Amino acid sequence: MHGLGESNLAQVCGCFMPLMGFMVVPSKFPKWLRWANVVPFHTYAWQSLMFNEFSGDESGHNVLELYEIEDVDVGRGMFVLLGYSLVSLILICQVMFAPLVERFLMSSTIKSYR
């Protein structure tokens with residue numbers, strides 16, 4: 001059952017990858033699809049990586065302008081990635097420990113009736 005969820009998550013992440021700004025810059029997105037650039041975590045990781053790599057000199061600034069990320073806030077990107085990580089960790093723990101909690105609750109309920 002977990003494998004199905006993992007494959008669905010991989011498909012969703014894969015669908016958002018072209019929309020992170022590397023293959024198509026955000027200004028080229030249709031208006032109804034502009035939200036899709038801020039949802040995936042790939043966007044923040046890629047923008048922060050590119051900004052750290054190419055900021056500082058003129059040729060690097062040209063690369064950042066080409067991808068429309070010359071004014072990226074790396075701190076904000078890292079904060080968003082931290083938020084994604086915490087939410088993922090909470091969801092993973094819920095999925096992993098739910099059967100254990102259920103078994104514990106069922107065993108304590110059965111003992112209380114005896």
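Predicted model: local features only at pLDDT ≥ 70, side-chain atom pairs only at ≥ 80, totals over all residues.

Student: How many helices and strands does the protein chain have?

Tutor: Count the elements before looking at side chains. Here there are 4 helices and 0 strands, and the order along the sequence is α-α-α-α.

Student: What share of the residues is buried?

Tutor: A residue is called buried when its relative accessible area is under 20%. Of the 114 residues in the protein chain, 24% are buried. The accessible surface comes to about 8,600 Å², and carbon and sulfur atoms account for 69% of that.

Student: Which residues of α2 are buried?

Tutor: First, the general idea: an α-helix has 3.6 residues a turn, so residues three or four places apart point the same way. In α2 the buried residues are H42, T43, Y44, W46, Q47, S48, M50 and F51. The helix covers residues 41-54 and reaches 20 Å from its first C-alpha to its last, close to the 20 Å expected. After α2 comes G56, with a positive phi near 120°.

Student: Which residues form the nonpolar patch on the surface?

Tutor: The patch is made of I92, M96, F97, L100, V101, F104 and L105, with about 710 Å² of accessible area together.

Student: Is M96 buried or exposed?

Tutor: Compare its value with the cut-off: exposed means over 50%. M96, which lies in helix α4 (residues 74-113), has a relative accessible area of 53%, so M96 is exposed.

Definitions and conventions
Residues numbered from 1 in each chain as written. Heavy atoms only, no water. Helix = DSSP H or I, 4+ residues; strand = E, 2+ residues; numbered from the N terminus. Buried < 20%, exposed > 50% of the residue type's maximum accessible area, 1.4 Å probe, protein only. Areas by Shrake-Rupley, 256 points an atom, 1.4 Å probe, with all protein chains shown as cover. Expected span 1.5 Å × (residues − 1). Patch = residues over 30% accessible without salt bridge, like charges linked within 9 Å, V, L, I, M, F, W, Y side chains within 5 Å. Salt bridge = Lys/Arg side-chain N within 4 Å of Asp/Glu carboxyl O.
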